[in-house]
Amino acid sequence: YGTSLLKDARTERQMQHSFLVWTADGFNTTLQLCAKPCDEYNLANADYNTTLALYYHNTLSPATPRSCADYGAKVLTWTCFTADLAVSSGLFDADAWATLSFSSSDSSPLTFLEVPGQPALLDDASFRSYFEQQTGGWTCAVLPAAVLLAIFALQNGAQGLGNVGQPVNIIAKGRQAGVAILQTIRRVPAIDSFSTAGTTLDSVTGAIEVVDVVFAYPSAPERTVCNGYTLSIGAGQTVAL
């Protein structure tokens, strides 16, 4: 999807135009720059041989001019991507633009100089201004960096979602353990050792006597620890049970 979106964005802004061509003998004419039919948006597909044949035909037979389509080619189409690529690579520097030519059999080099009715395209600023005027803008709506960032963000997000299972399982176990712990913390014992309720004795001599005690722990009420247990301990005695 990102590749399709990027491809559509690269051809969103586009223009076709003809160049004013001149030869060493001073002859000039308007000429289309042809491109191979496989991809007219690629600068590398510029078809200079077809353009040269088109130039000679239109020069020798101006009454029956031909176009790139008559030779099975297409007109090279500038897009926001190729225009930016051309400027960033210095294609429109004065020296580079002046040497953008190809030689014919009679050694008369053809040099692309300018767009008819427009200032000479001998610098980046002139070409950029002309492109913006024709297409309404310069940069493409979607840049490769934005597509790559979206892909990486989606990949990292999917990877993060794939790792959610293990932490969620640990959290669930922690919640289950927390319920048991909170129940223990909130439990009110049957015998409250901190309670001040009940009868307070006036005096205590220290003698302890229990008679026929029956006792079982609350956690195991079916197991009787003491069944009829009797014990008498005098004051001051130390007794081990």
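Predicted model: local features only at pLDDT ≥ 70, side-chain atom pairs only at ≥ 80, totals over all residues.
Author: Two residues are in contact when heavy atoms of theirs lie within 4.5 Å.

Reader: Leaving aside neighbours within four places in sequence, with which residues is M15 in contact?

Author: Once the neighbours within four places are set aside, M15 is in contact with L76, T77, W78, F127, Y130, F131, Q134 and T135.

Reader: Which residues make up the largest nonpolar core?

Author: In soluble globular proteins, nonpolar side chains tend to be buried together. Here the largest nonpolar core has nine residues: M15, W78, A83, A86, V87, F127, Y130, F131 and W138. Helices α3 (80-88) and α5 (124-135) each contribute at least two residues to this core. There is also a second, separate core of eight residues, among them C34, L54, C68 and A73.

Reader: T77 was named beside M15. Where does T77 lie, and is T77 buried or exposed?

Author: A residue counts as buried when its relative accessible area is under 20%. T77 has a relative accessible area of 4%, so it is buried. It lies in the loop between β5 and β6 (78-79). Its side chain reaches the backbone oxygen of V75 at 3.2 Å. Not counting residues up to four places away in sequence, T77 touches Q14, M15, Q16, E40, Y41 and T82.

Reader: Which residue forms a salt bridge with K74?

Author: The partner of K74 is E40, and the closest N and O atoms are 3.7 Å apart. Since K74 lies in strand β5 (residues 74-75) and E40 in the loop between β4 (34-35) and α2 (48-60), the pair ties together parts that are 34 residues apart in sequence. E40 is buried at 14% relative accessible area, whereas K74, at 36%, counts as partly exposed. The structure holds one salt bridge.

Reader: Which residues does a disulfide join?

Author: C34 is joined to C68, with an S to S distance of 2.0 Å. A search of the whole structure finds one disulfide. The torsion about its S-S bond is about -90°, so this disulfide is left-handed. C34 belongs to strand β4 and C68 to the loop between α2 and β5, 34 residues apart, and the pair thus links distant parts of the chain. Both C34 and C68 are buried. As for two further cysteines, C38 is exposed at 64% relative accessible area, while C226 counts as buried at 18%.

Reader: Which residue has a positive phi although it is not a glycine?

Author: Most residues other than glycine have a negative phi. In this model D212, which is not a glycine, has a positive phi of about 50°. D212 lies in strand β9 and is exposed, with a relative accessible area of 52%.

Key
Residues numbered from 1 in each chain as written. Heavy atoms only, no water. Salt bridge = Lys/Arg side-chain N within 4 Å of Asp/Glu carboxyl O. Helix = DSSP H or I, 4+ residues; strand = E, 2+ residues; numbered from the N terminus. Buried < 20%, exposed > 50% of the residue type's maximum accessible area, 1.4 Å probe, protein only. Core = buried A, V, L, I, M, F, W, Y, C linked by side-chain atoms within 4.5 Å. Disulfide = S-S within 2.5 Å. Polar contact = N/O pair within 3.5 Å; in protein donor to acceptor, adjacent residues only side chain to side chain.
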